[in-house]
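Here is a short briefing to read with the model open beside you. Please take the topics in any order you like.

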There are 2 protein chains.
Amino acid sequence: MPVQHAQPISRLIQELTKLPGVGEKTASRLALHILRASQEDAEALARAILEVKEKIRLCSQCFNLTDQDPCRICQDPRRNREVICVVSGPEDLIALEKSGSFRGLYHVLHGVLSPLEGVGPKDLKINELLSRLQGGKVKEVIMATNPSVEGEATAQYLSQIIKPLGIRVTRIARGVPMGGDLQYIDEVTLSKSLENRSPL
Amino acid sequence: MPVQHAQPISRLIQELTKLPGVGEKTASRLALHILRASQEDAEALARAILEVKEKIRLCSQCFNLTDQDPCRICQDPRRNREVICVVSGPEDLIALEKSGSFRGLYHVLHGVLSPLEGVGPKDLKINELLSRLQGGKVKEVIMATNPSVEGEATAQYLSQIIKPLGIRVTRIARGVPMGGDLQYIDEVTLSKSLENRSPL
């Protein structure tokens, strides 16, 4: 019976392997790093973990993660309240914000429709989206779910519900990514990029 | 100025990027995972981090990480006290223990000699190793530092100090790894494997 890590180290490794993409080797490396780090750094990390659980809520309007309600975006008077961009998760919202090219509001679904994994319309923030569209102020809803099978299906499903309300529904363009190399791009993307070509 | 993550999330991401091999994207993914995880899991992780800092010490004999002093290996009466295996870090000790093929004691140097990075003999647990060899009980010291430039140099350096004490000094074999493919193995390893060939 070979000697393993001391108990507190094994326990930390075990907790770290619960994180996504962290196997036993990585967890072991992280644990030894934490052991060697300063007491302050270890405490700061532990505190940040607890604080995030304590302070972060979902915005009651857009359902983004926030420490104030409504969130900073929903509160911002400079944002265009006539356009709502629908994303599946907070990561996608952050990615779009980083691009700096959208000045409307967001709506976070917290998932996509996936019958195989048992995710139906009731499991997403869809009713909440429809309530937001009631006032008649929103002129356009942009579907910015991922260009995956589930993302496309979710966009399609929502557009069928929203269009009857007299609101314009659009989908982000699918095409060749900037800097991409045509020879390595899959056929579905290439065919989409031809289909959605724009005049020069 | 695009909207970023809420403050507690940014802070957690910032703390997570201090971990080795964790960039901003990974940290962001980990932070969102922690946000979605149960309160219990988040607390268990935070607690494990604090506990490891609080309870883990270096063994006063072999300098391995331990929650009891002397450590379990140094205390174990079944281990052969005549052979000491010198490793550069606790990770290497665990790897050797997992192989289950060493039943002696260890000595953890906590690094290797590296003049370029300013690591000299005083920065490693070398004097502590020499004290352990004073009693005259140790018959063999196995150098199990990595087969890298620094690891080899450290093994050489230590053997020059220890041999005059009348103690046998050996080095772990360098050769082709089991399951390896000769055509992909570097020349230095191949030449070592020829040099250190053994009779069949």
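Predicted model: local features only at pLDDT ≥ 70, side-chain atom pairs only at ≥ 80, totals over all residues.

B:Pro70 sits in the loop that runs between β2 (65-66) and α4 (72-75) of chain B.

**Backbone geometry**

- Most residues other than glycine have a negative phi, and most peptide bonds are trans.
- Chain A also has a cis peptide bond, which joins A:Asp69 and A:Pro70 with omega at about -5°.
- A:Pro70 lies in the loop between β2 and α4 of chain A.
- A:Phe63 is not a glycine, yet its phi is positive, near 65°.
- You will find A:Phe63 in the loop between β1 (57-58) and β2 of chain A.
- With a relative accessible area of 11%, A:Phe63 falls under the 20% limit and therefore counts as buried.
- A:His110 is another non-glycine residue with a positive phi, in this case about 60°.
- The loop between β4 (104-108) and α6 (126-134) of chain A holds A:His110.
- The relative accessible area of A:His110 is 27%, which lies between the 20% and 50% limits, so A:His110 is partly exposed.

**Where chain A meets chain B**

- Chain A brings 53 residues to the contact, and chain B brings 53 residues.
- About 5100 Å² of area is buried between chain A and chain B, and carbon and sulfur atoms give 70% of that area.
- There are 8 salt bridges across the interface of chain A and chain B.
- B:Glu24 and A:Lys98 form a salt bridge, with their closest N and O atoms 3.6 Å apart.
- The interface of chain A and chain B also has 14 residue pairs in polar contact, counting pairs with both residues at pLDDT 80 or more.
- On the side of chain A that touches chain B, the elements giving two or more residues are α1 (7-16), α2 (24-36), α3 (39-55), β2 (65-66), α4 (72-75) and α5 (90-99) of chain A.
- The largest share of that side of chain A is the 14 residues from α3(A).
- By type, the residues on the side of chain A that touches chain B are 28 nonpolar, 8 polar and 17 charged.

**Aromatic pairs**

- Over all chains, the structure holds 2 aromatic pairs.
- A:Phe102 and A:Tyr106 make an edge-to-face pair, with 5.2 Å from centre to centre and 65° between the planes.
- A:Phe102 and A:Tyr106 are both buried.
- In chain B, the ring centres of B:Phe102 and B:Tyr106 are 5.2 Å apart and their planes meet at 70°, which is over 60°, so this pair is edge-to-face.
- B:Phe102 and B:Tyr106 are buried as well.

- B:Arg174 is placed in the loop between β6 (168-171) and α8 of chain B.
- B:Arg174 has a relative accessible area of 18%, under the 20% limit, so B:Arg174 is buried.
- The side chains of B:Arg174 and B:Glu152 are joined by a polar contact of 2.6 Å.
- The B:Arg174 side chain also reaches the backbone oxygen of B:Ile172, at 3.2 Å.
- Beyond its neighbours within four places in sequence, B:Arg174 has contacts that include B:Pro147, B:Lys192 and B:Asn196.
- B:Thr189 belongs to helix α8 (residues 187-195) of chain B.
- A polar contact of 2.6 Å links the side chain of B:Thr189 to that of B:Asp186.
- Neighbours within four places in sequence aside, B:Thr189 is in contact with B:Gly175 and B:Val176.

Note on methods
Residues numbered from 1 in each chain as written. Chains lettered and ligands numbered in written order. Heavy atoms only, no water. Phe/Tyr/Trp six-rings, centres within 6.5 Å; stacked < 30°, edge-to-face > 60°. Buried < 20%, exposed > 50% of the residue type's maximum accessible area, 1.4 Å probe, protein only. Helix = DSSP H or I, 4+ residues; strand = E, 2+ residues; numbered from the N terminus. Contact = heavy atoms within 4.5 Å. Polar contact = N/O pair within 3.5 Å; in protein donor to acceptor, adjacent residues only side chain to side chain. Buried area = accessible area lost by both parts, 1.4 Å probe. Salt bridge = Lys/Arg side-chain N within 4 Å of Asp/Glu carboxyl O. Nonpolar A, V, L, I, M, F, W, Y, C, P; charged D, E, K, R; others polar.
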